[in-house]
Structures are given as C-alpha cells and as structure tokens.
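These are my notes from going through one chain. I wrote down what I looked up, entry by entry.

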Amino acid sequence: MDFSLTLEIEAALIVVLLLLYSFDEGSTANTGNQRFRFCLYVTLSAITMDVLSVYGIRSIDEIPVWLNMLISSLNYLLASLNSVVIASYLSFQIFEHFPKHFCRKKISIMIYSLYGIVVAAVVVNLFNNCLFSFQNNEYYRGPLNLLGYLVLICEVLMVGLCYLKNSEIASRSMRKAMRSIPYVVCGILIWQLVCRDIMMNGLIAAMVDLILFISFQSRRNNVDYLTNLGNRGAFVEDLAVLCESEKRLHVIMLCLNKFGRVNREFGQKNGDEFLYAAARYLDNISPAARAYRVGSLEFAIICQEDAEASYLCTVADIRERFMKPWEIGGMKSTLSASVSDLYWDGDESDNTQIIERLEYAMCLAKTEGENGWVHFDRRVRKMMERQKSIIEQMREAIADKSFSVYYQPIYCWKDGLFCSAEALARMSDKDGTQIPPSEFIALAESTGMIGELNWIIVEKVCAFIGKHPELGLKGITINMSIRQFMEKGMKDKLDTILNKYGVSHDILKIEITERVISENPVKARAIMESLTEEGVRFYLDDFGMGYSNFASVLSLPFDTIKLDKSLTDKALGTPKERQIFHSLVEMFLKARYSIVAEGAETEEIVEELKRLHVDRIQGYYYSKPLPEDQYIEFMKTDSR
C-alpha cells in the first residue's frame, strides 16, 4: 500500500512539473494549450483523489463507511474522466486542421457515451456493490470492478482506429504520439492486472500526459529553430486567440528582399547570423509586441496597444532601421525589406482573413521596390475584393468556357492584305464591363488557371478557323504560358484539337516569350522541334521588352520575331535608337526570320516599318482587337 502511495505522489509531481512548463509567458494560450492544461488539472485531481482513496482504504477502521464509499466513488469517476479527456484531446489533435470532420464528432459521442456507462455503474454500485464495497472493515472488489480499465482499453482502441483511418491528415506530432501511447498504456495496464494490490492509475495518466507534452506542447514545436521566434503555427494560433478576445491589434508583416546576396557574400552560416540579428530587433521593438518567423525570409509582429498612431510610428521605425546597414562581427550589409500592416479593431474578420489581407498587401508592397510599404486600408481592401471577385469569375468562366476571343488583324503590306491575326482572350465583369487583360491574365498566372484558360482559347480559335475557311487566313497566333507549354502531353492535346476541327498545323502559330524558354531550355527545344516537324510555327513574343537574349533566338526553331511596342516605338526615336532598331531589323532579315512589329499606331511609324521591309505590321493604326463577328466583317470589307 505504501508503494502505491509512493507511485501516486511521484505521478502527481510529474503532472505539477508539466503544468509549470506548459505556461510559456511569451506565448498566448491557444485552444490546444487550454485543452492540454485541462487534461493536467483532471489528472492531478484524479491522482489526489486516488491518494485519498488509498489512505481511506488503509485507515478503514478509522473512517466511516459512507465517507470511504464517497471518496472511492469520486476516485472511480475522476479516473475514468481522466481517460475521457485525454482521449478527447487526442481526437482533437488528429483533426486539428479539419475541425468539421464527421469522424471527430462521431468519436466524441462514443467516448462520452462510454463515460456515461461508468457514471451509471458508479450510481448503481451504491445499491448493489457491483464495482466495490466496504464490509467488515475490508475493501472488496465487485464483479464489474475492471469496468474502468475496460473503458480505458476501448478508448485506446477507438482513438487508435480513428488515427489509422485518418493518418493521412494527422500531423507529424500526432504520429509521434501514437507510436508511444498505446504501448505505454497497455504495458502499465498489464502490470496493474498482474499486481492487483498496487495502484497505478495515476502513473498511467502521468505517463500519457508526459507523452502528450513532448509531442504537442513542448515549446520547440512552436518555435523557429534558427531565430527562437514563434513559428508560423504559433503566429496563426496566437492571432486566433487574440481575435477571440477582441483585443485591438496592429499586425505587421515584413519580408527581406534579395537576401541571397548576403549568403553569397558572407556564406550561409554568417547569413543566418544576420537573420538572427534582425529577429532579435523585431522581437524587442515593444513590450506589447511579439515577433514570429512565418517564412524563410518573412516575419510577422503582433502588437497589442491602444492608439493607431503609435502603430504607424512602429512601422516607420522598422522601415528606417532596415534602410540602415547591419553590422555583425565585423561584417556589414544592408537588409532591405518590404512591409505590410493592418490595424484590427475587433471586426468580424478572423485570423485567416487577417493573414490573407497582410499577404495581399505584401504583394503590393513588393511591387513598390525593395523598401515598399503598404498599409491595408479601405482602398487596398477594395482592390483585394475586386481581385477575389475576378478570380471567382475566372473559375466560373473556365467551368463554362465562357471566355471570348478577340482577333487583332496583322497587315502583310507586301501582299496588300490582312493575312493573319493574333487571338486574344477577353473577359467581362458581371455587369458586362470588360476586365483589362493585364489584370485577369496576371491573376490567371498567379493562381495557376492560365493553362486551362489558354486551352479554352486554343479550342475556340481552332473552331473559328475550321468554321471560316473563306477568310483565307495564312495563320492565327495564340499565346502559350509556361504552365501550358510545359504541360505533360501538350503536343498530343494540341494535335487532338487541331484534328477535331480539321485545322492544318501550319495555320496555327504559337507565341511564347523568353521566360517560357528559360524555365527549361532542353524541354522547350524538344517540344518546339517536335511540333515544327508537323508544321506548327513558333513566334518569339515581346522581343525587346526588358531583357532579350539573342542566343534564345538563334538556338531555337523560331519562325518569326515579334517586336514589342516598346521596341517598335524606337523606329522614330532618337538617332541612336533608330540606328539600333534598324540594325536589329536588318540582322533578323538577313538571318531569314520573319518580323511582326507590334504597337504601330501612327502613319509615320507604319511608313518607316515598310521602308525597313518589316514583313508584317500589327497595331491600332489598322485595327484594335475585334470580337469574332466584327473581325469577320472587317476581313470581308477591309482585307485589302
């Protein structure tokens, strides 16, 4: 009996230590922490009652029978309740990221139903001694005394089966816990059944709590290993708790720009020292602030203060600091940073919406340069809502294949007719207003919808060509994105569409940019050569816009070079610009490339392009992009 008390006291000490370590003054109590602490409180209560029960049984001749029955009944209930709350906590961890999963509700009902059986048994025991009794100054176990252990085994099996069924959604920490808990519980249970006189309920609970702490509540689970800041998980959880408490917050996100050059200059290890220094600075900005490392080069700060003006001053201080050099152990470098922030005053938005807004504002900040800053206000919110609306409309348009195709005529001046056209995707808003292509195409690329969009355009263009052979077109060009061009089976898919509408391979022209090529030059060459053999011709699009590599032109099977408007305008630029433009055109013509000049808007540019023998001219001077019916009418009336 003394050995039982010793085990229970030791188990109680373990639980008290876990309680002390579960409180991290630098963190906010999230739902998982609160559930775990509740487990510890129930365990400590159960152990305390177990100790009282053991003492009562040992002093049976000194304590009234009714009091011993009461203590032992409460002990039985608390021991079972302890297994219930631990099983409930484990089910919570299994479905941590899927709170509405139907299995979570199902297992909770089953766990608490089992506890209901135990409660009923304890009540019945007061009348028929089915669990235990006190008679003739002795403690007797009833025929159902092992019910509590049977319930515990059932709970272990239920949680284990639930975990196995849903292991693909369980976290790494959950997998680690499930590799230990069943074996520990079963091992101690067997020991308990063999040594019936030794009480080990508290030891079982304390060992399970210890495993839970190591698996889920250890501070390292929510801390970035390099900077010792909270990680993204801690940021998300702390923000959720603070939102529920409706405290006024200022949340800042910061992203270091071009940090790779620091690693290249000083080495990876020293680069980490710069990161650590930046992290320490951010974490000590204010006593009311806590910093987190939420990405490789991204940090977040949550400030709990009162006045919005002080928040903006904090942002100003951060930006000013990151514009200055950082010196670490004799090494000196600048760490420019883009910053986004927002002020949350308890509105209906939750932590995920706050993070979404910060990340959207960060995208805008990055477009402003290395030290850009965007504060999420009403203007930015409207921009974000418009973006989300366009994305949703794009999904619907892809599902319905409702994008329209406009055709911009291309003039072959040597033949005196509009011999080809460029096919361009167009999309209208819900009220019928056209959305600028620069807006929805960029969103299609960033969301990964560009491939599906482009295939819709390809099919519509092929259907148009097959339906109108009377137009006598020599070709229609389509644009291809990186995703579409590098797609597995792209050639077969294109062949299927061309054959479906009876379109010759040499009528369809594919426009790709240098960015598409640079992604995977070897694969790009293989695809281009394969399609070229079947008659498909390739245009190098946007030549002259930004970086243009002559090696890309010379090494790949391009048929035509499309000069970007920014380059076409140089035809009437300064003498130096004209000379460079003339030399480019002459070089391409001597290399036997065809040339299309985009963006021709005035008669002067058109005449200059003709004088330089540019093959084809495209631009508003001749026509803007036209919807299908207007393009057909244009070709019938103005093709010469």
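**Entry 1: Lysine 624 and the ground rules**

I began with lysine 624, which sits in the loop between strand E18 (616–618) and strand E19 (626–627). Helices (H or I, at least four residues) and strands (E, at least two) are DSSP runs, numbered from the N terminus. I note that this is a predicted model, where local features need pLDDT of at least 70 and side-chain atom pairs count only at pLDDT 80 or more, while totals for chains, interfaces and linings use all residues. Residues are numbered from 1 along each chain as its sequence is written, and side-chain values use heavy atoms, with hydrogens and water left out.

Is lysine 624 buried, exposed or partly exposed? Its relative accessibility is 49%, so I logged lysine 624 as partly exposed. The cut-offs are under 20% relative accessible area for buried, over 50% for exposed, and partly exposed in between (1.4 Å probe, protein chains only).

Which residues does lysine 624 touch, leaving out those up to four places away in sequence? I found Tyr407, Gln408 and Pro409, with contact meaning heavy atoms within 4.5 Å. Lysine 624 and glutamine 408 are 216 residues apart along the chain, and 6.0 Å separates their C-alpha atoms.

**Entry 2: The whole chain**

I counted 25 helices and 19 strands in the chain. The radius of gyration is 36 Å, well over the 26 Å that the globule rule gives for 640 residues, so the chain is more spread out than a compact globule. The radius is taken over C-alpha atoms, and the rule is 2.2 Å times the number of residues to the power 0.38. Along the principal axes, the C-alpha atoms fill a box of roughly 120 × 60 × 45 Å.

Of the 640 residues, 50% count as buried. For contacts with a separation of 6 or more, residues 24 or more positions apart account for 69%. The chain exposes about 31,200 Å², of which carbon and sulfur atoms supply 56%. Those areas come from the Shrake-Rupley method with a 1.4 Å probe; for residues, only the protein chains shown count as cover.

I also looked up charge. There are 69 positive and 81 negative side chains, and the centres of the two sets lie 3 Å apart. Lys and Arg count as positive and Asp and Glu as negative, with His and the chain ends not counted. Each charge is placed at NZ of Lys, CZ of Arg, CG of Asp or CD of Glu.

**Entry 3: Nonpolar cores**

A nonpolar core is a set of buried Ala, Val, Leu, Ile, Met, Phe, Trp, Tyr and Cys residues joined through side-chain atoms within 4.5 Å. The largest one has 82 residues, and Met394, Phe403, Val461, Phe485 and Ile512 have the most contacts inside it. Helix H16 (residues 450–467) gives the most to this core, with 10 residues. A second, separate core has 57 residues, among them Leu19, Val42, Ile169 and Val208.

I then checked methionine 394. With residues up to four places away in sequence not counted, methionine 394 touches Phe403, Met427, Phe440, Leu443, Ala444 and Met449.

Threonine 227 lies in the loop between helix H8 (201–217) and helix H9 (232–244). I logged threonine 227 as buried because its relative accessibility is 0%. Beyond four places away in sequence, threonine 227 touches Leu275, Tyr276, Ala279, Arg280, Arg293 and Phe299.

Serine 53 is in helix H2 (residues 31–58). At 4% relative accessibility, serine 53 counts as buried too. Residues up to four places away again not counted, serine 53 touches Ile71, Ser72 and Asn75.

**Entry 4: Positive phi**

Most residues other than glycine have a negative phi. I noted two residues with a positive value.

Lysine 258 has a phi near 50 degrees. I placed lysine 258 in the loop between strand E3 (249–256) and helix H10 (260–266); its relative accessible area is 56%, so lysine 258 is exposed.

Arginine 592 has a phi of about 65 degrees. Arginine 592 lies in the loop between helix H23 (575–590) and strand E17 (594–597), and at 76% relative accessibility arginine 592 counts as exposed.
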